[in-house]
Amino acid sequence: MFSRRDFLAAGLYSTAAGLIVPPVLAKGVLAAANDGIHNDRVLLVLQLGGGNDGLNTVIPFADGAYHDARPTIGITPDKVLKLDAQVGLHPALTGLKALYDAGHVAIVQGVGYPTPTYSHFEALHVWEYADPARRATDGWLGRLLASQQLDTQGHPFACCAAGEASEPTELRSQNLGAQVSVIDSLQSYRIQGGQGRELAVTNLYRKTPGLYGALFDSAVATAQDGIAALQKSSSYTPAASYEPRGVVYGSKVDLASALQLAAQIIVTQPAAKIIHVVLGGFDTHQQQDVRQQSLLAYVDTAVSAFMQDMTAHGVDKRVTLFTWSEFGRRVKENGSTGTDHGAASPMFVIGGAVKGGLLGRQSSLTQTVDSGNLAYSVDFRSVYQSLLRDWLGADPKPVLGQTFAESGLSWVA
């Protein structure tokens, strides 16, 4: 028999691996009362965990300093997928190159922040909280949700993490107005313990008097509605093959499956606003030539399939996907055919409504900071500002705390 204490200790509802919605029961109720921005746009966050090497992703192939710094792992000009006379993409990114040629990929070069840190944990904090001073306690998207600007209507899929086992830090908030669902997989998205536990949970709180009883009832009802909606979303059939190409290093996440799940949510759940997915393994201190090749091929296949799927379902102009990684890598290769922790790196912004092209400028490979790291030219919060204001239609000031220079990102009307 489950007691209230048992239920609270386990979290409101969860997969076997992690939390589905934080056990702050008022979140759904407060979010349902929100009368915020009305649009059907979706922001999909793709985190490349570990620190992806930007110089071998968007390659300054015409710069002799690049080849001097990377005699072993450098990509030769004949293999680069050229974007212009100066830079091009890694040869594994054929799908993204096709999307770029079609005008649906914007690449923001030289993205970073002042006084960079080269620790994974500190750098993650900077990007996840949008706070180089590392003092914030809520993730930047958690702050957006808590600001009540988006018309989420208390829907369980308004903000969610796909293919993950716990709530991403970016989405966390201590404010009652933020609701996040974490869907490890379609099969595991249910109240932990099965139907018996679901009935026990419902019966425990149905007759609880007062506000807390109402909040429990609302939260459990939201969980049940969300589970049923996703399990029965039979109107979705993938319109692309999500079969991965490449080997995944250092990550337990199946990005292709996560993006297919994200596609299903977008196609069948009109209330979807923010979806988070992650792929790790990019901490390439050794054998980068092999490891990054496979990782980028995997990303390329998964993202290309996702965009093909979105286009086939007629929703590609509703979706913007962007990538981030906690830092780039140093300019010079190390003695293990790899690269060490660095600073500035490019970001990709992809979508049917994105105005594509190269933005910002490639960082100098000779005028570096901290004895061999790329200096940034675009503050990453400028990109966040554009995504918040120009894509989602939100006011970025309450989220980012100040105004930043323009990133150059734009979308078709």
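Mentor: Contact here means heavy atoms within 4.5 Å, and helices (H or I, at least four residues) are DSSP runs, numbered from the N terminus. This is a predicted model, in which local features need pLDDT of at least 70, side-chain atom pairs count only at pLDDT 80 or more, and totals for chains, interfaces and linings use all residues. Residues are numbered from 1 along each chain as its sequence is written, and side-chain values use heavy atoms, with hydrogens and water left out.

Trainee: At roughly what angle do the axes of helix H4 and helix H10 cross?

Mentor: Two packed helices are described by the angle between their axes and the distance between the axes. The axes of H4 (residues 94–101) and H10 (residues 288–312) cross at roughly 40° and come within 7 Å, the axes being lines fitted to C-alpha atoms over the stretch in contact, with angles from 0 to 180 degrees between N-to-C directions. H4 and H10 are therefore oblique to each other, since angles under 35 degrees count as roughly parallel, over 145 as roughly antiparallel, 65 to 115 as roughly perpendicular and the rest as oblique.

Trainee: Which residues in H4 and H10 meet?

Mentor: From H4, Thr94, Gly95, Leu96 and Leu99 meet Asp300, Val303, Ser304 and Met307 in H10.

Trainee: How many disulfides does the count come to?

Mentor: A disulfide is a covalent bond between the sulfur atoms of two cysteines. With the rule that the pair of sulfur atoms lies within 2.5 Å, the count comes to zero. The closest cysteine sulfur to that of Cys159 is in Cys160, 6.8 Å away, which is too far for a bond.

Methods: Helix = DSSP H or I, 4+ residues; strand = E, 2+ residues; numbered from the N terminus.
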